[in-house]
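Please examine the structure shown below. The report that follows describes two contacts within it.

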Amino acid sequence: MDIIAQLFAGLSLGSVLLLAALGLSLTFGQMGVINMAHGEFMMAGAYTAFVVQGVVGDAGVSLLLALPLGFVVGGLLGLLLEATLIHRMYRRPLDTLLVTWGVALVLQQVARDVFGAPNVDVRAPAWLSGAVQIGGLALPRTRLFILTLAIVCVVALALALRATPLGRRIRAVVQNRDLAEASGISSRATDRVTFFIGSGLAGVAGVALTLLGSIGPTLGTNYIVDAFLVVVAGGIGQIKGTVIAATALGLMQSFFEYSTTASVAKVLVFVTIVAFLQLRPQGLVSVRTRSLA
Amino acid sequence: MRLRSTSPHGAMRLSTVSLAVLCVVGLSACGARVDGGSDTSASAESCVDTSGDTVKIGFLNSLSGTMAISEQTVHDSLQLAAKEINADGGVLGKELEIVSEDGQSEPTVFAEKASKLITSDCVAAVFGGWTSASRKAMLPVFESQDSLLFYPVQYEGLESSPNIFYTGATTNQQIVPALDYLVEQGAKSLFLVGSDYVFPRTANKIINAYAEAHGIEIVGEEYAPLGHTDFSTIVNKVRSADADAVFNTLNGDSNVAFFKEYNNAGMSADDMPVVSVSIAEEEVGGIGVENIEGQLTAWNYYQTVDSPENTAFVEAFKAEYGEDRPTSDPMEAAYTSLYLWKAMVEKADSFAVDDVVAAADGITYDAPEGKVVVNGENHHIAKTALIGKIGADGLIHTEWSSEEPIEPDPYLEGYDWADGLS
Amino acid sequence: MNVFTALLRPGRARTLAAFGLAAAVLLLAPMVLSPFRLDLLAKFLCLAMVAVGIGLAWGRGGLLTLGQGVYFGLGAYLMAMHLKLADAGPGGVPDFMLLYGTGQVPGWWEPLRSPVSAIVLILLVPAGLAALLGWAVFTRRVRGAYFAILSQALAAAFAILLIGQQQTTGGTNGLNGFRAFFGYDLADPLNKQMLYLIAAGALLVMVAVVRQLSVSRFGELLVAVRDQEDRVRFLGYDPAAVKVVAYAVAAVMAAVGGALFVPIAGIVSPADVGVVPSIGFLIGVAIGGRATLLGPVLGSIAVSWAQTSISEQFPSGWIYFQGALFILVIAFLPGGLASFAGKLRRRRAAAAPGDAGASGDAARDHELVPERSPA
């Protein structure tokens with residue numbers, strides 16, 4: 001029974017990591033932008049949920065409202081960042097990491113000054129409190145909700161990439177930017193849209209996180225390192241890799257944690273990933289290109 | 001690309017210069033060796049200036065970084081106490097002049113700023129610190145400079161520095177009474193959950209010793225890294241262990257994630273109560289009352305304490321900082337610490353550290369929490385232990401009280417079961 | 001000649017002049033500064049040592065390492081462990097182990113009892129780890145962002161590991177309360193001054209080493225690997241070996257910085273080695289000019305100084321200031337403040353063409369900033 005409970009815990013952690021990493025794999029995968037402020041976009045999404053609840057009151061309605069709003073808030077922040085800073089730096093990917101880290105610092109302090117240093121709480125709606133009992137197993141409803149949300153996001157993103165003209169453009173730019181541009185795709189516009197979607201997904205992840213923990217200025221920093229590891233281990237440019245890597249990381253963390261302690265588990269997960277990248281430096285799934293790297 | 005062959009002479013010259021520097025270092029600067037038996041306390045000459053109408057004191061709290069959440073509140077109540085004291089004529093007729101420094105939630109910065117307050121600003125005493133790490137970092141600074149620190153937070157005990165006054169609870173004033181209470185309630189088994197740092201580890205060591213002597217079974221002991229936010233595995237373990245109660249020494253944000261997970265897994269205060277020692281009124285709002293209502297806490301002060309001193313304190317605090325700001329144990333301990341220092345200075349009729357320390361024993365003060373007495377030997381204060389229950393109003397209400405102030409015993413020397421702990 | 005431009009200007013004679021000037025300033029500082037400020041400066045010098053290493057690995061080699069905290073921490077902890085054992089005396093047990101640990105000194109602490117082996121380990125352990133890790137990562141051609149993220153994860157794991165092993169590492173408290181440094185009483189101001197001079201000397205040596213490496217064939221190769229790794233490989237060199245050496249040298253410099261930081265600051269804790277301080281080391285380097293010789297040192301010292309003095313006045317203001325400075329410099333002045341000097345010089349060189357040839361090549365090297373590596 002414990003094993004099944006742990007399996008669920010692992011999948012659930014995996015779905016949280018997936019939500020956090022999904023947008024990242026899009027922006028990192030397409031543009032090679034290492035957006036350290038991604039975690040702060042999540043924080044912005046979480047505070048959106050807090051503000052919406054303050055206005056609306058009802059926990060259920062506000063959660064459903066906050067999800068699209070969080071997407072928009074995260075997306076707009078991303079768009080702003082892209083338009084002001086990142087578009088200058090596509091030729092210097094490592095520098096985007098440092099710039100966005102500076103942005104992350106500032107955003108954290110803004111949150112501290114606007115919402116106050118103490119953490120705030122978002123109430124979960126009644127239909128999400130408690131657990132679903134299956135056999136002797138208690139599956140918390142919030143965790144089931146996040147698992148579903150993650151699946152919905154992945155499916156929606158996959159469909160958008162596969163079946164819409166926009167998706168085709170994005171994939172074309174990911175696979176070969178120059179060729180795409182030569183074929184008449186405006187990579188400038190595509191970059192903006194991609195950044196909007198990727199950052200928007202961070203906002204959604206932030207809203208979802210309010211169901212699990214507290215909302216504070218440093219919410220994002222707890223997830224950013226893990227999220228990047230997911231993207232790196234999954235390989236860039238494909239959702240499939242990110243999904244598998246997030247699930248695997250979640251399961252590893254929860255089973256290591258069960259047999260050892262939370263601290264040791266984290267170290268073990270890191271070591272495993274470094275070792276894994278020895279075997280597959282390009283990550284789990286990678287777009288085959290003719291480049292030398 | 002053109003590969004240039006280079007002569008190493010330029011660099012050789014540089015290395016020569018550097019070597020020369022090192023030689024100069026080796027020859028010129030040799031101070032006292034520890035085994036030389038030289039007296040070094042002379043270097044810690046105090047520079048405190050008490051000739052004017054004012055006297056400087058230092059507040060050292062984290063105003064930025066992760067601990068700012070908690071330490072800002074302590075800073076606020078220290079400011080309140082200073083304001084009240086100044087309005088009342090100061091200390092020995094001298095107005096308090098506050099030098100405020102930011103510890104940035106980093107032990108290294110605490111050590112640096114403590115040193116600055118003592119040697120550059122020449123303050124008569126410093127008030128602040130929160131985490132054990134910050135206190136441990138400052139301790140050698142205060143001892144080597146022979147200055148005074150007032151530390152306002154409950155902590156893990158096993159310490160008693162001549163240069164620190166501990167105005168929060170030590171273990172026998174918080175953890176031991178909480179265990180006594182649980183035994184009284186018939187608890188036979190406990191699950192221990194804590195953050196991975198010194199306070200929870202030491203607290204749990206004490207709890208284990210206590211449990212062994214009192215026939216309580218410890219069915220699990222789990223640590224989460226600081227800032228850990230995924231508690232499904234730990235809650236799974238708690239669930240399957242099915243203890244009579246959970247003893248919670250988690251710190252900060254982790255509490256929120258833990259209690260949300262705890263409730264979502266279908267557990268409640270009725271079937272498995274959680275006793276927390278790091279959740280005060282300030283934190284209840286962030287965790288969400290609905291997630292934590294009915295759970296227990298162990299402290300020495302609650303905002304709801306019914307006494308004229310506390311009514312005055314709460315009213316003054318709210319008047320200064322707003323109606324929505326609660327008061328909590330560390331805030332009260334910080335507020336009290338400033339008044340205790342004032343009483344010591346006035347009894348000694350001097351700001352000199354040695355005089356103040358000599359006058360400390362037996363100083364009594366009617367604090368918001370009740371009567372407190374300074375123990376001159378171990379520099380802690382006698383405090384009344386209170387077990388509280390978190391109410392729907394977000395405040396904590398006293399469930400059980402030790403009635404009398406408990407004498408501080410940081411090394412638990414008065415408890416047979418604690419032999420061999422220190 | 002403007003002093004600032006002279007400091008940042010390449011060319012052997014000028015570098016020597018700048019070096020001499022820096023040495024003179026550092027040696028004169030003890031006469032001007034109060035003991036507290038001197039202590040602070042000594043601390044900044046230790047952090048600047050990490051910056052010198054990063055300047056080599058990142059500025060010249062293009063290896064963006066977000067995990068220098070690991071090597072800084074290794075040096076610091078090894079030194080702290082030695083000082084703890086030395087304080088405890090022969091066969092003694094450090095105080096914190098009596099309180100929180102088993103009361104026994106674990107076996108892996110024992111080699112640090114002897115001062116000689118402690119110093120050897122402080123140099124060898126970080127070098128070994130960096131070489132091993134670098135070799136594993138670089139031969140598999142993990143680079144660019146991947147390397148940055150891995151090194152960051154390493155810093156996170158290292159901090160968690162230190163915190164988790166409280167009984168033997170002091171946990172979040174870290175290690176502190178040292179009485180003596182190789183027998184010299186740390187409470188004695190004269191000894192503090194000695195520590196400052198050692199730190200200043202060590203920093204000058206490191207700058208000299210980096211200068212030596214930069215003008216050597218190795219230095220040329222390193223820059224070549226940064227800019228066109230594949231071409232270097234086709235020419236028959238092994239880019240991985242070049243990177244491993246640069247990474248290991250940077251690691252040793254960080255470790256020495258850490259080892260000297262401990263007696264000066266009197267403490268090391270996991271908060272000094274994790275993800276945030278590791279990125280923090282980069283700020284000064286980026287601002288000063290990552291690919292210059294003295295830029296990282298000056299930048300790092302300036303940033304540390306600004307942090308201390310601004311945060312004394314406005315605690316939250318510092319964070320805005322730090323973030324804004326970082327954003328502005330990296331986005332708009334990637335060569336760091338030193339590139340101001342470069343621009344100035346070019347303008348002057350244009351005015352007097354006869355002077356341009358001598359330092360032209362080197363000048364370009366110094367100002368190069370890595371462009372996008374093939375992904």
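Domain bounds here come from an automatic or database domain assignment. The model is predicted: local features need pLDDT of at least 70, side-chain atom pairs count only at pLDDT 80 or more, and totals for chains, interfaces and linings use all residues. Residues are numbered from 1 along each chain as its sequence is written, while chains are lettered from A and ligands numbered from 1 in the order in which they are written.

In chain B, the assignment gives the two domains listed here.

| Domain of chain B | Residues |
|---|---|
| domain 1 | 54-169 + 308-383 |
| domain 2 | 172-305 + 387-418 |

Taken over C-alpha atoms, the centres of domain 1 of chain B and domain 2 of chain B are 26 Å apart. Their contact takes 31 residues from domain 1 and 23 residues from domain 2; two residues are in contact if their C-beta atoms, placed from the backbone, lie within 7 Å. On the side of domain 1 of chain B that touches domain 2 of chain B, S12(B) gives the most, with four residues. Strands (E, at least two residues) and helices (H or I, at least four) are DSSP runs, numbered from the N terminus.

In chain C, the axes of helix H3 (residues 35-60) and helix H13 (residues 275-288) come within 9 Å and cross at roughly 75°. Axes are lines fitted to C-alpha atoms, for helices over the stretch in contact, and angles run from 0 to 180 degrees between N-to-C directions. H3(C) and H13(C) are therefore roughly perpendicular to each other, a term for angles of 65 to 115 degrees. Among the residues that meet are C:Trp58 in H3(C) and C:Phe281 in H13(C).

Methods: Angles under 35 degrees count as roughly parallel, over 145 as roughly antiparallel, 65 to 115 as roughly perpendicular and the rest as oblique.
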